Amino acid sequence: MRRLVIVLAALAMGAGLLASPALAGDPPVALASSPTGLRGPVALPSGVDPASPYLPQISCSPIDMPGVVKLQALVLKTYAEGRSGGISRGCTDGLSEHSEGRAWDWMVDVGDRSEKAAAADFLSWVTRNDGRNARRLGIMYVIYNKKIWSVYRAGEGWRTSSGHTDHVHVSFSWNGARGNTSFWTGKVGAIDYGPCVRFTGTYGARTSTPRTGSCPPSSGLLVKTSLGDRQYGRTGDTVAKAQVLLGVTKTSRFDAATWSAVKKYQRAHDIPYTGVLDQPTWASLSRSSVTSRVVSGYTRSEAVAYGLEHYSGSTIKRTNVGKATMFLQIALGLPAADRNGFFDTVTLAAVKKMQESAGLTQDGVVRGEEWRAMAVALR
Ligand SMILES: [Zn+2]
């Protein structure tokens, strides 16, 4: 009997400790026990969206995403507390998803009673029931008052973080950012994994369509230049040089006009669509800046011979990136500015033209017969 009392006392003490506000698993502020939460525009389905894995920022695309804009408006309208601290930012900050327009800062100070109460209601509603509402909104994680809660580690509850005493940071999955979640659409969708990196060491190439499969293989840089990578928010002479080449106002600041011009140039030349002045873009913009190419010094017929020997047994097609594509670009006789190792639309058009003149099916896919046809044509 006595032993049982001791055990019960120990259990009670344990429970008491768990309820203590000093422990790591506790929320950032006392959360509302029955939160008001947000009301969506549609009837919710019985299913709940899958919990997003952590999809860190990998591209530089500071556009306010529609799902984030909608949540921002709904939160401010529902609670009428605090103000917006903004969505998208330049790409010189850290990993926050703000550079992809899929994070929002809600300025609600822990020192302000009514702002703190609004945050407590929102965070309670978002995280309760293993984050069901977070999943419905495509919220990936929230940070407030030195604590972080993430949907991909929901079982661990609130974990220790830092700062954020004057705002709630809300990061979204790509589905959440695009507004493609059941809270807005009434439908549960597959996870959207977002952009892919094509050349390692560069930013991800932005797409307007969701990605549900894995990324195509990436490649190391095949062309290097004397010019450094520059992204939105950077300043200096290198940015000014690009502005001259792109024909935009020379401000020496990577501003919105420069960003638009870089994207337009990349679209026109079908360079991986990063919106960043990266090595593939510089190599195309400024041929004289090229300092090294993985494949250089090959004549057209030497490139064909190399391709026949090494790539006859494989296929090379649209969106492939790497050395094989670079040999193909030389073999096709593309101008130096278009030899970037990325199977772009310029390369595709050249392949189809070659297939047409060789009497092959114009499917844009390069196999052994295409290499043989190029060899015959050059003879
Ligand atoms: Zn933030």
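Mentor: Let's begin with a pair: Ser-84 stands opposite Trp-106 in β2. Keep in mind that this is a predicted model.

Trainee: How many bridges join strand β1 to β2, and in which sense do they run?
Mentor: Strand β1 covers residues 83-84, and Ser-84 faces Trp-106 of β2. The two strands run antiparallel, and the number of bridges joining them is 2.

Trainee: Which residue is the bridge partner of Trp-104 in β6?
Mentor: β2 also pairs with strand β6, residues 168-172, in the antiparallel sense over 4 bridges. Within that pairing, look across from Trp-104 into β6 and you land on Val-170.

Trainee: Is strand β2 largely enclosed by the rest of the structure or largely open, and why?
Mentor: Strand β2 spans residues 103-107, and a residue is called buried here if 20 or more other C-beta atoms lie within 10 Å of its own. Of its 5 residues, 4 are buried, so strand β2 is largely enclosed by the rest of the structure.

Trainee: What radius of gyration does the protein have, against that of a compact globule?
Mentor: A compact globule of 379 residues would come out near 21 Å. The C-alpha atoms here fill a box of roughly 95 × 55 × 40 Å along the principal axes. For the protein itself, the radius of gyration is 27 Å.

Trainee: How far apart do the C-alpha centres of domain 1 and domain 2 lie?
Mentor: The domain assignment gives domain 1 as 17-185, domain 2 as 223-291 and domain 3 as 294-378. For domain 1 and domain 2, the distance between C-alpha centres is 34 Å.

Trainee: Where is Phe-199 placed, and is Phe-199 buried or exposed?
Mentor: Phe-199 sits in the loop between α5 (182-185) and β7 (223-225). Beyond its neighbours within four places in sequence, its contacts include Ser-218, Leu-221, Pro-272 and Val-321. The cut-off for burial is 20 or more other C-beta atoms within 10 Å. Phe-199 has 24, so Phe-199 is buried.

Note on methods. Residues are numbered from 1 along each chain as its sequence is written. This is a predicted model: local features need pLDDT of at least 70, side-chain atom pairs count only at pLDDT 80 or more; totals for chains, interfaces and linings use all residues. The radius of gyration is taken over C-alpha atoms; the globule rule is 2.2 Å times the number of residues to the power 0.38. A residue is buried if 20 or more other C-beta atoms lie within 10 Å of its own, exposed if 12 or fewer, and partly exposed in between; C-beta atoms are placed from the backbone. Two strands pair if DSSP finds at least two bridges between them. Domain bounds come from an automatic or database domain assignment. Two residues are in contact if their C-beta atoms, placed from the backbone, lie within 7 Å.
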